[in-house]
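Here is a model to read through in questions and answers.

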Amino acid sequence: MEILYFYSSSVIIMDYFYIGIDDTDSPDGMCTTFLASSILNEFERSNIKIIDYPRLIRLNPFARFKTRGNGGVSFKLDIDEDTDLAKEIVLGYVRELSMFDCDNTNPGVVFYEGEITEEMVDYAFKAIYSIITIEEAEEFANHIGAEIYKFKKGRGIIGSIAAISCPLEDYTYELLAYREPSRYGTLRNIDYDSVVRMDKETYPETFENIDGKYLAIEPKTPCPVLYGIRSNSPEVLEKAREMVIPNETIADSCIFKTNQHTDMHIQNADRISDMKQYSCYRIRGTVKERPHIIEGGHMFFTLYDDSGEIECGAYEPTKDFRKIVAKLREGDVIELYGGIGEQNTFNIEKFQVIKLNEFVYRNPVCGCGKRMSSAGRGKGFKCKSCGKRIESDEKVPEKIDRTLINGKFYETPVSARRHLSKPLIRMDLD
Ligand code: ATP
């Protein structure tokens, strides 16, 4: 409940009208943000104003039916606005622009008038942390008195309610520029040097613009988006927009307020055994063995604690991040951020080194300079070179040079980063 102001001893409380939209696009086209932007243009023509920025809310990255980044959008309006007209516009645009031909596109629209209650906030976190069914979402909508519109299976209501309900304590902004419809599906040709200049001028207030030669602002799908620039500030986004040379006409653009890059999906797990599949965590543990790489270029190692162990992966798309992971050694204590996906493997987004193991235990070196070998179980060591034997079975600690640094964070490259992952540049690190 938002308390607007105090007058004498009475408190005036104001409810709002909220709109949530999700699941309108497919891998072949469209983007729910583009639909939202088109609706906002129509609102403007109809003199309907929204409060604050439109919101783009990213939900559980492991939701099964997502198209790409599992995002829903929402708007907040004053209840004095023409909400009937607003509803008509929203439903009209969803009917007109959704990719209904795709089996996996099941739009859902939610209208809600009132305050954002605690149970709604809990629902939003559930949509970010775990999996919700359509039935559950529908039941919840009825419970809070929201009006729902389901198209086909209407799965989008799951994300629509969450997009309305999600609190934004930490947030960022994204400027999305849209293409002329005639360009959809054609190659994008944004001037690379202009993005480099923009990055130089505006980083770290904008981030994730480029990754070497890779233009991270440019989607690689046939959707209407020409580019998306992410920032802590809408003002800086305006500056960035001026600097980027698109080499094609920008048909429209829109700035969204979003939970992207806030780590909102990460829950603190005390023990490995507390973690569940399809959820994301921060977890501390000890590296069991040196990481190994498998066919396809994916790298794995096991992390353990008193409660159990889990296989952790740095997948091929994380590129050079794997070279950092490869430096981990048995006995290193680290804190991982990431989530447990389809294969029940912990997918690493970033990690902090808590305590490096500075020693390895090896067979002793003989007086003649050669490393000794085991003489058999319980029989100590022998030197194959000079024949010397020692009785003790104990390996000796040897200090090793480590290039990883205690306390330091290491993250996946921009090109492989999740929308929700907080980049180190946004973290409060000393
Ligand atoms: P894009 O980001 O390109 O707009 P998308 O990746 O957001 O697309 P959608 O088309 O929105 O994908 O599909 C995601 C679907 O998953 C929606 O129907 C949404 O309601 C649903 N969904 C979102 N969060 C959850 C969740 N926690 N559990 C189950 N379903 C979810």
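A crossing is left-handed if the near helix is turned anticlockwise from the far one by less than a right angle, and right-handed if clockwise. Helices (H or I, at least four residues) and strands (E, at least two) are DSSP runs, numbered from the N terminus.

This is a predicted model, where local features need pLDDT of at least 70, side-chain atom pairs count only at pLDDT 80 or more, and totals for chains, interfaces and linings use all residues. Residues are numbered from 1 along each chain as its sequence is written, and side-chain values use heavy atoms, with hydrogens and water left out.

Q: Is the crossing of H4 and H5 left-handed or right-handed?
A: Helix H4 spans residues 134–144 and helix H5 spans residues 156–165. Their crossing is left-handed.

Q: Which residues of H5 make the contact with H4?
A: Contact means heavy atoms within 4.5 Å. H4 brings Ile134, Ala137, Glu138, Phe140, Ala141 and Ile144. From H5 come Ile157, Ile158 and Ile161.

Q: How many nonpolar residues has the contact of H4 with H5?
A: Ala, Val, Leu, Ile, Met, Phe, Trp, Tyr, Cys and Pro count as nonpolar, Asp, Glu, Lys and Arg as charged, and the others, Gly among them, as polar. The contact has 1 charged residue and no polar ones. The nonpolar count is 8.

Q: Which residue in E20 is the bridge partner of Tyr337?
A: Two strands pair if DSSP finds at least two bridges between them. Strand E19 (residues 333–340) and E20 run antiparallel, joined by 8 bridges. Within E20, Tyr337 has as its bridge partner Lys350.

Q: Which residue in the turn between E19 and E20 has a positive phi?
A: E19 and E20 form a hairpin, with 5 residues between them. The positive phi is about 65 degrees, and the residue is Asn344.

Q: Which residue in E26 stands opposite Phe351?
A: Strand E26 covers residues 409–411 and runs antiparallel to E20, with 3 bridges. Opposite Phe351 stands Tyr410.

Q: How many of the 10 residues of E20 are buried?
A: Buried means under 20% relative accessible area, exposed over 50%, partly exposed in between (1.4 Å probe, protein chains only). E20 (residues 346–355) is largely enclosed by the rest of the structure, because its buried residues number 7.

Methods: Axes fitted to C-alpha atoms, helices over the stretch in contact; angles between N-to-C directions.
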